[in-house]
Amino acid sequence: MKKLNELARGIVLLSLLAFVGVVGCSDSETVETGPTLVTLTIGVETPTVDLDAGMDSYMPCQGCHGAMGQGNTAPALNAFTPTSQISIGGVPDTLTFSRLQDKIELEMPPGSETSCEGTCAINVAGYIYCEWNSALVTSGCPAAP
Ligand code: HEC
């Protein structure tokens, strides 16, 4: 009888543990599907971006700039250096996070310039930095898997 009681207690304990395990798992899944905000440090700038949203918003850019930012009919976006230039309104300037954001907001994609502004432009700029130019990002990008 004592043995049986211990067995029953063991089973209750096990199912409790299993329950906690399931709840624990679904908790972390919820976190993964929510917005994943990170704060990047790029020079003196510290933008807060959602890299997953940025990846999604980069989709319409792929045809011209390449799925890996390698360039196609449009310039590559995967080889930024500390002295890279970016032209806005035909005026060249040193590339920074906010210049990249401005370029996307004001001039990209050509013919559909209002389709990615504000948060969208910030997220895509963050994606472009972390995905292909993380050497210029001091902190905030997820480590490569
Ligand atoms: C229809 C083709 C096309 C699409 C789509 C497009 N671009 Fe461009 N993009 C260009 C061309 C052409 C240039 C070069 C001329 C210029 O700077 O305006 C350019 C330039 C750029 C530059 C400046 C690159 C440099 O080295 O000066 C950035 C940054 C950029 N695009 C980002 C984007 C992003 C982000 C998207 C998606 C939201 C996008 N583009 C969609 C054609 C495109």
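Me: With 13 C-beta neighbours inside 10 Å, does L106 count as buried, partly exposed or exposed?
Reply: The model is a predicted one, in which local features need pLDDT of at least 70 and side-chain atom pairs count only at pLDDT 80 or more, while totals for chains, interfaces and linings use all residues. Residues are numbered from 1 along each chain as its sequence is written. A residue is buried if 20 or more other C-beta atoms, placed from the backbone, lie within 10 Å of its own, exposed if 12 or fewer do, and partly exposed in between. L106 has 13 such neighbours and therefore counts as partly exposed.

Me: Where is L106 found, and which residues does it touch beyond those up to four places away in sequence?
Reply: L106 is found in helix α4, where helices (H or I, at least four residues) and strands (E, at least two) are DSSP runs numbered from the N terminus. Its C-alpha atom is 8.7 Å from that of G89, a residue 17 positions away in sequence. Taking contact to mean C-beta atoms, placed from the backbone, within 7 Å, and not counting residues up to four places away, L106 touches I88 and E113.

Me: In what order do the elements of the protein chain run from the N terminus on?
Reply: The protein chain has five helices and four strands, and 23% of its 145 residues are buried. Of its contacts with a separation of 6 or more, 48% join residues 24 or more positions apart. From the N terminus on, the elements run α-β-β-α-α-β-β-α-α.

Me: Why are α4 and α5 described as oblique to each other, and at what angle do they cross?
Reply: Axes are lines fitted to C-alpha atoms, for helices over the stretch in contact, with angles from 0 to 180 degrees between N-to-C directions. Angles under 35 degrees count as roughly parallel, over 145 as roughly antiparallel, 65 to 115 as roughly perpendicular, and the rest as oblique. The axes of α4 (residues 97–107) and α5 (residues 119–132) come within 9 Å, and the two helices are therefore oblique to each other, crossing at roughly 125°.

Me: Which residues of α5 meet α4?
Reply: From α4, the residues taking part are F97, L100, Q101, I104 and E105. The residues of α5 that they meet are A121, I122, V124, A125, I128 and Y129.

Me: What is the peptide bond from M108 to P109, cis or trans?
Reply: P109 has its place in the loop between α4 and α5. Most peptide bonds are trans. The bond from M108 to P109, with omega near -20°, is cis.

Me: Is A121 buried or exposed?
Reply: A121 lies in helix α5 and touches Q101, I104, E105 and C116, not counting residues up to four places away in sequence. Its C-alpha atom is separated by 9.6 Å from that of S98, 23 residues away along the chain. With 21 other C-beta atoms within 10 Å, A121 is therefore buried.

Me: At what angle do α2 and α5 pack?
Reply: Two packed helices are described by the angle between their axes and the distance between the axes. The axes of α2 and α5 are 7 Å apart. The helices are roughly perpendicular to each other, and their packing angle is about 95°.

Me: Which residues does W132 contact, leaving aside its neighbours within four places in sequence?
Reply: W132 has its place in helix α5 and, with 17 C-beta neighbours inside 10 Å, counts as partly exposed. W132 and Q70 are 62 residues apart in sequence and 9.2 Å apart in space, C-alpha to C-alpha. Leaving those neighbours aside, W132 is in contact with G69, L77 and N78.

Key:
Contact = placed C-beta atoms within 7 Å.
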